[in-house]
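Reader: I have just opened a structure that is new to me, and I would like to be walked through it. Could you show it first?

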Amino acid sequence: MSTARVPRAKILCELCHDRKAIMKRPKNLQKICKECFYHVFETEIHNTIIDANLFQRGEKVAIGASGGKDSTVLASVLKTLNERYDYGLELVLLSIDEGIVGYRDDSLATVKRNQKQYDMHLEIVSYKDLFKWSMDEIVACAGVRSSCTYCGVMRRQALDRGATKLGISHVVTGHNADDMAETVLMNLLRGDTGRLEKSVNILTESSGSPVKRSKPFKYTYQKEIVLYAHYKKLDYFSTECTYAPEAFRGTARVLLKNLEAVRPSCIIDIIRSGEQLKLRPKKQRMRVSAVAQEVEVKRDGSVSLKPESSNTCERCGYLSNNRICQACFLLEGLEKNRAKVLIEGGNTAIAGAAKITRELEALSF
Amino acid sequence: MVMADGQVLKDLLLQIRDTLIKTPQDLEVFLEGESIRPGIIVLINDTDWELEGEEMYELQNRDLITFTSTLHGG
């Protein structure tokens, strides 16, 4: 086995030519030392922020904090940059409690420590409070397969509502270059051209939400985030969600990691390719706007100036382009099921029930 | 982990496979074939293994080898 031995040789940093190199950057294969790594890592994120004109002075910004490595590094780096370059931002941690026993309760404990470490206000909004359903209950009722669908829709709204409650209209998330390249690949493989174009934007604003989202780590490699957290000894929580990960995303991730092993720059290359994609506008859009301009003539001959449907959800009153928002629509289906399950079994509404269900699903007879 | 003299990192991977990993599910998140699964960051005494000869790195007494997976969510 041990025929071709590599002797220990000290490799010098290619930037300072002084200290020992400790890592190889995936982006450009540069071998650099710890101090130079911190410097280029932070400076590149600063440049991304400045180039995209991401923040306004005096802006209150919520950091979507899960306790995981990406959001923990994001909180740490934004605090550092805000002080170093005097952005004049007020930074707040915003966490979502999905209600997943054995996963989110542990990671929230990490966020609570981060709150002290970074001296930031922490706001936690829970699915249970907002929607009357925890993820454990949803999974017990709807099964584990659709869990990511529910969780995704609810998280989007929960983040919006949490931010709005704090009077904040900008949420930053820890999505990194790997996540972004993964999403580009997924949309490409699914032929989802509508999402493909939007998926590489650093800042997203939608008419259905008063809160804009941005991704300062858009060009930051996962590997460098992990190493930054490791070398800086940041306090983060590292466990996969106990429920099924998005199956197709997993496939795209493995594909991407295999590509990265052959050609590390491919992650940035995929993002750059995505940025260059400009799709021809769809013809249908003309028709849609024609419909929107129709006015309703009431029985007494009067004309309503606005279409009947307003831009709020009938049920929860939250902003929505449809009569009922997506979260309420999904939960409506569940409510019907809950009644049935309560009659048949009656063991749903207890914490951790989902875990039992999951274990039962995994058994084979 | 106790290793024989003159062994390289590749030998360590195989020894971990043979002695520490008990189920096939655990093995596939660690190795692909006989090599480390892409997406796992390996550090040798806190230095990126890509700078240390990767699998051919000759193990020294009291070396600290770290494996960090980037395959799961943030």
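What follows is a conversation about this structure, going from chain A to chain B.

Reader: Before we get into details, what kind of model am I looking at?
Author: This is a predicted model, so please read everything below as computed from that prediction.

Reader: Let's start with chain A, then. How many helices and strands does chain A have?
Author: Chain A has 14 helices and 8 strands. Of the 365 residues in chain A, 46% are buried, and the chain exposes about 19700 Å², of which carbon and sulfur atoms supply 53%.

Reader: And how much of its contacting is between residues that lie well apart in the sequence?
Author: Counting contacts in chain A with a separation of 6 or more, 71% are between residues 24 or more positions apart.

Reader: Where does UniProt place the feature "binding site"?
Author: The unreviewed UniProt entry places that feature at Gly64(A), Ala65(A), Ser66(A), Asp70(A), Ile96(A), Gly174(A) and Asp179(A).

Reader: Let me pick one of those: where is Gly64(A) found?
Author: Gly64(A) is found in strand E3 of chain A, which spans residues 60-64. In E4(A), the bridge partner of Gly64(A) is Leu94(A). Leaving aside residues up to four places away in sequence, Gly64(A) touches Ser71(A), Leu94(A), Leu159(A), Val171(A) and Val172(A).

Reader: Is Gly64(A) buried or exposed, and why?
Author: Gly64(A) counts as buried because its relative accessible area is 15%, and buried means under 20%. The strand around it is mostly covered too, since 4 of the 5 residues of E3(A) are buried.

Reader: And Ser66(A), where does that one lie?
Author: Ser66(A) lies in the loop between E3 and helix H2 (69-84) of chain A. The side chain of Ser66(A) reaches the backbone nitrogen of Gly68(A) at 3.1 Å.

Reader: You keep mentioning E3(A), so what is the order of the strands in its sheet?
Author: The sheet is an open one of 6 strands in the order E5-E4-E3-E6-E8-E7 (chain A), with mixed pairing. Its edge strands are E5 (121-126) and E7 (203-204) of chain A, each of which pairs on one side only.

Reader: How is E3(A) joined to its partners in that sheet?
Author: E3(A) and E4(A) run parallel and are joined by 5 bridges. E3(A) is also joined by 2 bridges to strand E6 (residues 170-172) of chain A, and these two run parallel. Ile63(A) stands opposite Val172(A) in E6(A).

Reader: Which helices pack on the sheet?
Author: Among them is H2(A), which touches E3, strand E4 (90-97) and E6 of chain A, its direction making about 155° with that of E3(A). Helix H6 (residues 147-165) of chain A packs on the sheet as well, touching E3, E4, E5, E6 and strand E8 (212-214) of chain A, and its direction makes about 140° with that of E4(A).

Reader: Changing topic to chain B, what is the strand order in its sheet?
Author: In chain B there is an open sheet of 3 strands, in the order E4-E3-E5, with antiparallel pairing. Strand E4 (47-48) and E5 of chain B each have a single partner strand, so one side of each is left without a neighbour in the sheet. Strand E3 (residues 40-44) of chain B pairs with E5(B) over 5 bridges, and Ile40(B) stands opposite Ser69(B) in E5(B).

Reader: Which helix of chain A lies across those strands?
Author: Helix H9 (residues 222-231) of chain A lies across E3, E4 and E5 of chain B, running at about 40° to E3(B).

Reader: Last one: what does Thr66(B) touch?
Author: Thr66(B), which has its place in strand E5 (residues 65-69) of chain B, touches Ile41(B), Val42(B) and Leu43(B), not counting residues up to four places away in sequence. Thr66(B) is buried, with a relative accessible area of 19%.

Methods
Residues numbered from 1 in each chain as written. Chains lettered and ligands numbered in written order. Predicted model: local features only at pLDDT ≥ 70, side-chain atom pairs only at ≥ 80, totals over all residues. Heavy atoms only, no water. UniProt positions renumbered as here; feature names shortened; annotations may be inferred. Buried < 20%, exposed > 50% of the residue type's maximum accessible area, 1.4 Å probe, protein only. Contact = heavy atoms within 4.5 Å. Polar contact = N/O pair within 3.5 Å; in protein donor to acceptor, adjacent residues only side chain to side chain. Pairing = 2+ DSSP bridges. Axes fitted to C-alpha atoms, helices over the stretch in contact; angles between N-to-C directions. Areas by Shrake-Rupley, 256 points an atom, 1.4 Å probe, with all protein chains shown as cover.
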